[in-house]
Amino acid sequence: MMPEAGLFALILALLVAVVQAILPLAGAHWGINSWMRVARPAAALQCLLVWLALAILAHAFLTNDFSVLYVASNSHTDLPAIYRFTAVWGGHEGSMLLWQGLLSAWTLAVALRSHQLPQAYAARVLGVMAVLSVGLLLFLLLLSNPFERLIPVAIQGRDLNPLLQDPGMVVHPPLLYMGYVGFSVAFAFAIAALLSGELNAAWARWSRPWTLAAWSFLTLGILLGSGWAYYLLGWGGWWFWDPVENASFMPWLVGTALIHSLIVTDQRGAFRSWTVMLAITAFSLSLLGTFLVRSGVLTSVHAFAVDPGRGLYILCFMVFVVGTSLLLFAWRAPRIGLGGWFSVLSRESLLLVNNVLFTAAALAVLTGTLYPLLLDVLGSDKISVGPPYFDAIFVPLMVPALMLMGVGPLARWKRSTLPDLKRQLRWALVASGISALLLGLLLPVSASGWTPMSAFGLLLATWCVCSTLAHAWQRLRGNGGNAQRVSRQPLSWWGMLAAHLGIGIFVFGATLATSFEVKRELSLSMHQDVSVGGYDFRFDKLELVAGPNYDAQRASISVQRDGKLVGVLQPEKRLYRAQNMPLSQAAIDSGLTRDLFVALGDAVNEKTWTLRIQVKPFMNWIWGGCLLMALGGFLALADRRYRIYAARRANQATATAPLKAGGIA
């Protein structure tokens, strides 16, 4: 009866979510304290029930309970235990249950960390998040029940998709969903502020740490997804503008703009309308990504193709959430005000331009993703929008954004002057130009790869790094000892430095990996060798190996350079028994300045096989740059000033401007 207990837990969670959605919002409107106090215990109970259901589903997978349809469809007795556990979110029903589980966890976190907020405001935030839970729990119970029984009971399962039988599945979906769902907190804070009319700087300060956390988790999730595509799919690339990749990238772009907009709203009281709209848009794009992946409208290795009824429900839910949010925004917008004054040349102006560029980039990605779907719906010829479109539209928008990234932190609030900025950045500009030139001369990359775009990409990367270091120099020099000046800087500032340096390192790695990779697809016979990118690859042997649920042919490819052995790569061609599905497992020798990538293709004859060989320079700099960006977000999140300042603002708001029931204080 365990599956029935899991289903019953979801039903109880729905009832609790309905109570949490109605009573706190009504209590905040009418000023009934006892109703508002329901929000926190309801959030805790809902989280407990949803995670109980997740635990029961995991138990069904680990014990091979094939009486559950979802388990029978996504597991197998030969599947290793770690993949039986990750199969919990390897299909549609389980991934949506994980989505809801993380939403309930974020709700509980807000409940535990919101005691410094005015009671009515916290009740509204938790009530809005409960409304989202009601919609998702209804979806799980009506259209996507993970505990549906299979009659008669299956003797054996169908196995998990071999593409998902990878260690990355342990952490990639949870981290990605943590980012997706995390933007619901910023969304709830924005809606609560609109409902109360309290759109001052305080709500931006309260919302900022949650937005940073969501953005950082989403950065890690995208990083792991990109790495998974790089080494598992066998094509040796790290980004392909796949529609499902775009689905996670769009909220990341808008979330980046939201973080910077929250800074201005918090520090200067400006951009209030803009910040609210970005919070709504970031979560709306997260819902759109959920719709695209789970509606069956996309064909992708990442997508779950399901029946149209589920897609229609998600679409209607998304329209309801976005539509009501925009209507509320339109109602409150005339009362928001313009905020603080600032000149054309100021930190506010530069951040505004940057935010517009990031938002325009997200819109460009959205257009390229949805345009083929729209043509398909209208009955026109099917088209594919690929990298040429995105490179032509996205890159020109990001170049000025990255250039301004180096200027913004050095500009003054309210008003800055061109001579002052020129004085602070002149050495950074000179250093970036010289560094880009020296790197172009010294880097061990092929001269045939140098193009004006690759040279400009290198200049842009060095500008990001040098301008960030210039800002650090300006901030840390002055009176007092070096250690004292360093220790005085808040963690949020160090986080900003790390994130901006990470962007520069990422651009450096992406430029070199894209422009100077050397790749060949060829047929190679046993004991034959070939030279690619300055390395000699020799096909030594081929052997049969047996995995837990697959059989594989494993090649041994020795790699030499200048007569010295660099390493031995062992790519595999696997055949998963349950689904009779072949899968190529690439072998990668990774280093600081290059990756050696070999994927085993099909057999030409008994002794000859097709191989994909690539030498990709500075791939680890791409991953390192992304990790540094995420680290920057977590460092900023750890800044204790958020907690101290939020408590002080809450006390001031309670003492001087208590929230009125249902209106503006």
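How many residues does helix α9 have, and how far does α9 reach from its first C-alpha to its last? The legends below begin with this helix.

**Figure 1. Helix α9 (residues 201-232) in a predicted model.** The 32 residues of α9 reach 46 Å from the first C-alpha to the last, close to the 46 Å expected at 1.5 Å a residue; the expected span is 1.5 Å times one less than the number of residues. Helices are DSSP runs (H or I, at least four residues), numbered from the N terminus. A bend of about 35° occurs at S207, and the proline P209 follows within four residues; a bend is the angle between axes fitted to the seven residues ending at a residue and the seven starting there. Helix α9 is mostly covered, with 30 of its 32 residues buried (under 20% relative accessible area, 1.4 Å probe, protein chains only). Residues are numbered from 1 along each chain as its sequence is written, and side-chain values use heavy atoms, without hydrogens and water. In this predicted model, local features need pLDDT of at least 70 and side-chain atom pairs count only at pLDDT 80 or more, whereas totals for chains, interfaces and linings use all residues.

**Figure 2. Helix α15 (residues 418-442) and its bend.** Helix α15 has 25 residues and spans 35 Å between its first and last C-alpha, close to the expected 36 Å. At L425, α15 bends by about 45°. The buried residues of α15 are D420, L421, Q424, L425, A428, S432 and A436, and the buried residues pack against α16.

**Figure 3. The crossing of α15 with α16 (residues 452-476).** The axes come within 8 Å and cross at roughly 140°; axes are lines fitted to C-alpha atoms over the stretch in contact, with angles from 0 to 180 degrees between N-to-C directions. The crossing is right-handed (the near helix is turned clockwise from the far one by less than a right angle). Residues in contact (heavy atoms within 4.5 Å) include L425, A428 and L439 in α15, and L458, W463 and C466 in α16. By class, this contact has eleven nonpolar, eight polar and no charged residues (Ala, Val, Leu, Ile, Met, Phe, Trp, Tyr, Cys and Pro are nonpolar; Asp, Glu, Lys and Arg are charged; the others, Gly among them, are polar).

**Figure 4. R124 in helix α7 (residues 119-142).** R124 counts as buried because its relative accessibility is 4%. Its C-alpha atom is separated by 12 Å from that of T107, 17 residues apart along the chain.

Definitions and conventions
Helix = DSSP H or I, 4+ residues; strand = E, 2+ residues; numbered from the N terminus. Buried < 20%, exposed > 50% of the residue type's maximum accessible area, 1.4 Å probe, protein only.
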